[in-house]
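Please look over the sequence and the three-dimensional structure shown here before reading on.

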Amino acid sequence: MDDRLHEILAQVSMIHKSLLEDEKIDDVDYVLEYIENFDDDVKDHYLKLLLQYYFQKNSISNFKELLLLGYKFDLRMDDIKQAFLNIKSNDENVIEFLEDNVVFFKDTNYEEPLNAIYEYYKNSDDDIKVALEESLELLRRNRYICAFAYKNKTEEYARFFINEDLLESLKRDLPYLLK
């Protein structure tokens with residue numbers, strides 16, 4: 001099994017590198033055709049990683065297309081950070097699309113991603129700030145982000161993410177999150 005896993009990872013890496021070099025990675029139909037002759041386990045692993053890649057790149061149409069094929073991945077704060085940093089317009093984005101997943105996900109790595117999101121927002125022009133607002137509100141509705149921000153409220157970036165209404169609710173109903 002370990003040998004097969006190494007083989008799968010090596011093939012996935014080669015597929016991804018080739019698609020990036022050929023600049024075909026954003027053409028889902030081409031990708032699906034390109035990987036058609038690989039073993040099913042290689043295709044499955046690659047398409048899950050590609051879904052994560054599309055999320056991070058905020059490639060909403062490609063992301064939706066792979067979701068429709070039944071692929072999923074475990075959302076992490078680093079994924080959200082990368083997607084947030086790739087919001088460049090007021091068009092729908094992957095963070096807004098996965099609204100409930102963003103509001104309810106839990107991670108252990110908040111400091112660096114939240115700081116990066118804060119810095120990106122702070123240094124963006126007004127048009128981009130408007131485009132980022134809805135995604136920011138989703139992040140502020142996440143109880144774990146709010147709890148982290150409260151516990152780190154001496155940091156400017158952390159205070160930026162505190163949702164006072166949610167914080168009051170956490171103090172009342174889930175105080176252990178704030179310790």
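The protein has 12 helices and 0 strands, where helices (H or I, at least four residues) and strands (E, at least two) are DSSP runs numbered from the N terminus. Read from the N terminus, the order of elements is therefore α-α-α-α-α-α-α-α-α-α-α-α. This is a predicted model, in which local features need pLDDT of at least 70 and side-chain atom pairs count only at pLDDT 80 or more, while totals for chains, interfaces and linings use all residues. Residues are numbered from 1 along each chain as its sequence is written, and side-chain values use heavy atoms, with hydrogens and water left out.

Along its principal axes, the C-alpha trace of the protein spans about 55 × 40 × 25 Å. Of its 179 residues, 44% count as buried, a term that means under 20% relative accessible area, with exposed meaning over 50% and partly exposed lying in between (1.4 Å probe, protein chains only). Contact here means heavy atoms within 4.5 Å; among contacts between residues at least 6 apart in sequence, 64% join residues at least 24 apart.

How is the packing of two helices described? Two packed helices are described by the angle between their axes and by the distance between those axes. For helix α5 (residues 77-85) and helix α8 (residues 111-122), the angle is about 10° and the axes are 9 Å apart, which makes α5 roughly parallel to α8. The axes are lines fitted to C-alpha atoms, for helices over the stretch in contact, and the angles run from 0 to 180 degrees between N-to-C directions. Angles under 35 degrees count as roughly parallel, over 145 as roughly antiparallel, 65 to 115 as roughly perpendicular and the rest as oblique.

On the α5 side of this packing are Met77, Asp78, Lys81, Phe84 and Leu85, which meet Glu112, Pro113, Leu114, Ala116, Ile117 and Tyr120 in α8. Sorted by class, the contact of α5 with α8 has 8 nonpolar, no polar and 3 charged residues, where Ala, Val, Leu, Ile, Met, Phe, Trp, Tyr, Cys and Pro count as nonpolar, Asp, Glu, Lys and Arg as charged, and the others, Gly among them, as polar.

Lys81, found in helix α5, counts as buried because its relative accessibility is 10%. Leaving aside neighbours within four places in sequence, Lys81 is in contact with Glu112, Pro113, Ala116 and Ile117. Lys81 also forms a salt bridge with Glu112, with the closest N and O atoms 3.2 Å apart; a salt bridge is a side-chain nitrogen of Lys or Arg within 4 Å of a carboxyl oxygen of Asp or Glu. This pair links distant parts of the chain, since Lys81 lies in helix α5 and Glu112 in helix α8, 31 residues apart. Glu112, with a relative accessible area of 42%, is partly exposed.

The structure holds 14 salt bridges. One of them joins the side chains of Glu7 and Arg4 (2.7 Å, N to O), and these two residues are separated by about one helical turn because they are 3 residues apart in helix α1 (residues 2-21). Glu7 is partly exposed, with a relative accessible area of 37%, and Arg4, Glu7, Asp39 and Asp41 are linked in a network of salt bridges. Elsewhere, the side chains of Arg141 and Glu99 meet in a salt bridge at 3.6 Å, N to O. Arg141 is in the loop between α9 (126-140) and α10 (143-151), and Glu99 is in helix α7 (residues 99-104), 42 residues apart. Arg141 counts as partly exposed at 38% relative accessibility, and Glu99 is partly exposed at 32%.

Two further residues close the walk. Phe97, in helix α6 (residues 94-97), is partly exposed with a relative accessible area of 33%, and touches Ile60, Phe63, Lys64, Leu67 and Glu92, not counting residues up to four places away in sequence. Asp29, in helix α2 (residues 28-34), is exposed at 54%, and its C-alpha atom is separated by 35 Å from that of Tyr110, 81 residues apart along the chain.
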